[in-house]
Amino acid sequence: MHKGRHFFDVIYASSNGTMPVNDQWFEHAREIEVFGTQVQIVAPTELVWSKAFIQMRHRYDGADVIHVILKQHDQIDWQRLLSYMELHWEMLLVHLLNFRWAYPTERNRVPRWLMDELMDRLRHQLDLPPPQMKVCRGRMLSRVDYAMAVDEWGFADVGGEGEWRDA
């Protein structure tokens, strides 16, 4: 919905099935007035989570993630965000590194314990042997942009296939 240069999204489902929109989203919601009506909006933690996987050729919400961190870092429940993204911790790390790159003077807005945790996970993963199967998780970001990896290059498709999703 737009009003001048301002707009808001109505999120009714995640694009790749990784984050079900359910009652848990509203446990930490805020109530605000929009065009004269009281509505609930998701907390910054869930907003970051909902935008983390929007990385298609024609739509990328990374700047939204970065700006939520910049402006609402103190309202983000970092432990809850990590638990939401546990299986996809690398995606969280990517967004945090993008934040640090975009706003290097503001890097203290991300808790040090979280960066340490994610960097430790990365260091540990670097010591593991390479997987035996070729895997592509890129289709969780865009079915179209990563189709050739599955269809032509022999990668296993892990997640993101949801037929209901717009490509």
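A salt bridge is counted here when a side-chain nitrogen of Lys or Arg lies within 4 Å of a carboxyl oxygen of Asp or Glu. By that criterion the structure holds 13 salt bridges. The model is predicted, so local features need pLDDT of at least 70 and side-chain atom pairs count only at pLDDT 80 or more, while totals for chains, interfaces and linings use all residues. Residues are numbered from 1 along each chain as its sequence is written, and side-chain values use heavy atoms, with hydrogens and water left out.

One network of salt bridges links Lys51, Arg59, Asp61 and Asp64. Within this group, the side chains of Lys51 and Asp64 meet at 2.9 Å, N to O. The pair links distant parts of the chain, 13 residues apart: Lys51 belongs to helix α1 (residues 44–51) and Asp64 to helix α2 (residues 62–72). Helices (H or I, at least four residues) and strands (E, at least two) are DSSP runs, numbered from the N terminus.

Lys51 is buried at 9%, whereas Asp64 is partly exposed at 30%. Arg59 and Asp61 also form a salt bridge, with their closest N and O atoms 3.0 Å apart. Here Arg59 is partly exposed at 38%, and Asp61 is buried at 4%.

Another salt bridge joins the side chains of Arg137 and Glu90, at 2.8 Å from N to O. Arg137 lies in the loop between β7 (135–136) and α6 (147–151) and Glu90 in helix α4 (residues 89–102), so the pair ties together parts 47 residues apart in sequence. Arg137 is partly exposed, with a relative accessible area of 39%.

Definitions and conventions
Buried means under 20% relative accessible area, exposed over 50%, partly exposed in between (1.4 Å probe, protein chains only).
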